[in-house]
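The questions below go through one protein model and its ligand.

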Amino acid sequence: MLNKKPDDIRDSEITDKHLYLNRRSFMRGAALAATTVGTGLLYRRLNPPPAETPKGEKFSGFAKPTSEAGLGAGFTVNEKLTPLEDIINYNNFYEFSTDKGSVASESKGFLTKPWTVSVEGLVNKPRTFDLDELLSFPLEERVYRLRCVEGWSMVIPWIGFPLARLLEEVEPTEQARYVAFQTLYDPKRMPNQRTGVLDWPYVEGLRLDEAKHPLTILATGLYGETLPPQDGAPIRLVVPWKYGFKSIKSIVKIQLGADEPPATWNIQAPNEYGFYSNVNPNVPHPRWSQARERRIGEFRMRETLMFNGYGEQVAHLYAGMDLKRYF
Ligand SMILES: Nc1nc2c(c(=O)[nH]1)N[C@H]1C(S)=C(S)[C@@H](COP(=O)(O)O)O[C@H]1N2
Ligand SMILES: [Mo]
C-alpha cells in the first residue's frame with residue numbers, strides 16, 4: 001500500500017522536521033523552489049498514486065555474517081524486524097519527494113542500470129566500479145537499527161558489504177583522512193532535484209577510520225532482495241551509529257581527501273546538523289530532544305541509546321573528543 005503510514009504515527013506527532021527547516025530556508029529567499037515543493041505536495045495529497053508494492057529481484061544468496069574480532073552480536077540486532085511494508089513506504093529521499101509516504105511512488109521505475117561508482121582522490125588505484133563488480137563483493141546480511149534525527153527508528157535487515165572492502169581495492173594514500181560521498185545528480189530521473197529544497201547533489205562524509213569501521217557497509221539489498229529505489233538503489237551507505245541522514249543513498253562517487261568534506265544537512269543548517277551526527281541522546285537538536293524515539297510500528301517511546309546502541313563497537317573512535325562540540 002502506498003501512502004500508508006504506520007497506524008500509530010500521526011502527522012501531528014511526527015512532523016516533517018527536516019521539511020520545517022526547508023520552509024525556513026524558503027523564508028530566507030529560495031522562493032521559487034519552495035513554492036514548487038509546496039505545490040507538488042498539495043498535488044500528491046489530492047492525487048494519491050495507485051497502490052502497488054515495488055518488488056526487486058531475488059538475490060541468489062549471500063554470506064551470513066561472520067563474527068569478527070570484538071564485534072560479537074553487533075552485526076545483528078536481536079530485536080523485532082520492522083515490517084518490509086513500512087521500510088519501503090516510509091522514506092526520506094528528498095530527490096524524489098519531501099513527503100515520506102510519497103517517495104515509493106515517486107521513485108517507482110527509477111533506472112539503476114547502467115550504474116557506476118567512481119572511487120577517486122587520495123588513492124593509489126583510482127577506479128570506476130560498475131554495478132556487477134560491486135555486487136561481486138561477498139554480500140552479508142546485517143540487521144541494524146536506523147535512527148532518524150526526526151525521532152523515529154526502524155530495524156532493517158540489510159544486504160551489503162563492508163565499505164572497508166571497497167577502500168582496500170583502491171588503496172587510500174597516507175594523506176587520506178576523510179571519505180566524501182555523492183548521490184546521483186539527474187533531475188530527469190530524480191524529479192525533485194528540479195526544486196531547490198536542498199543543494200544538489202546530496203553529499204555526505206565520514207572520517208577515514210569511521211569509513212573503515214567494520215559496521216560501516218554499502219548496502220545493495222534488504223530483506224534478501226535487491227534494494228528498492230526508495231531505499232537508495234542500487235547502492236547506499238549504512239552507518240548504524242549515526243543519524244539516518246549520514247546514510248547517503250544512490251551513490252555515484254566516493255572521494256578520499258585530506259580535509260573534512262561538505263555534508264548536505266550541515267550546509268543547510270550548520271548549527272543543527274554537525275559533521276559527526278553520532279546518535280547521542282545527551283545532545284539535543286536545537287529544536288527538539290533526542291532522548292527518545294518511536295520505533296516504527298510501536299506505540300511506546302523508547303530511550304535513545306548512545307551511539308544508537310553501538311557504543312561497544314565505536315566509542316573508541318571518539319575517545320578524548322568533546323561530543324557536545326563535535327556533534
Ligand atoms: N541521497 C539521499 N540520501 C538520503 C536522504 C536523502 O534525502 N537523499 N535522506 C536521509 C535520511 S534523513 C534518512 S533518515 C535515511 C532514510 O533511509 P530509508 O528511507 O532507507 O529508511 O536516508 C538518508 N539518505
Ligand atoms: Mo533522517
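Q: How many cavities of 30 Å³ or more does a search of the whole structure find?
A: This is a predicted model, in which local features need pLDDT of at least 70 and side-chain atom pairs count only at pLDDT 80 or more, while totals for chains, interfaces and linings use all residues. Residues are numbered from 1 along each chain as its sequence is written, chains are lettered from A and ligands numbered from 1 in the order in which they are written, and side-chain values use heavy atoms, with hydrogens and water left out. A cavity is a set of points, on a 1 Å grid over the protein atoms alone, where a 1.4 Å probe fits but cannot get out. With that rule, the number of cavities of 30 Å³ or more is four.

Q: What is the volume of the largest cavity?
A: Grid points are joined across faces, edges and corners, and a volume is the space filled by probe spheres set on the points. For the largest cavity this comes to about 340 Å³.

Q: Which strand gives the most residues to the lining of the largest cavity?
A: Lining residues have an atom within 4 Å of a grid point, and 26 residues line the largest cavity, with Asn92, Phe93, Arg236, Gly244 and Lys249 closest to its centre. Strands are DSSP runs (E, at least two residues), numbered from the N terminus. The largest contribution, four residues, comes from residues 152-162, strand β4.

Q: Where does ligand 1 sit?
A: A molecule sits in a cavity if more than half of its atoms lie within 2 Å of its grid points. By this test, the site of ligand 1 is the largest cavity.

Q: How much of the accessible area of ligand 1 does the protein cover?
A: Polar contacts are pairs of N or O atoms within 3.5 Å. A polar side-chain atom of Glu95 is 2.8 Å from a nitrogen atom of ligand 1, and one of Asn91 is 3.0 Å from an oxygen atom of the ligand. Accessible areas come from the Shrake-Rupley method with a 1.4 Å probe. Of the 540 Å² that ligand 1 has on its own, the protein covers 99%.

Conventions
Polar contact = N/O pair within 3.5 Å; in protein donor to acceptor, adjacent residues only side chain to side chain. 1 Å grid on protein atoms, 1.4 Å probe; cavity = no way out; pocket = protein on both sides within 12 Å on 5 of 7 lines; lining within 4 Å.
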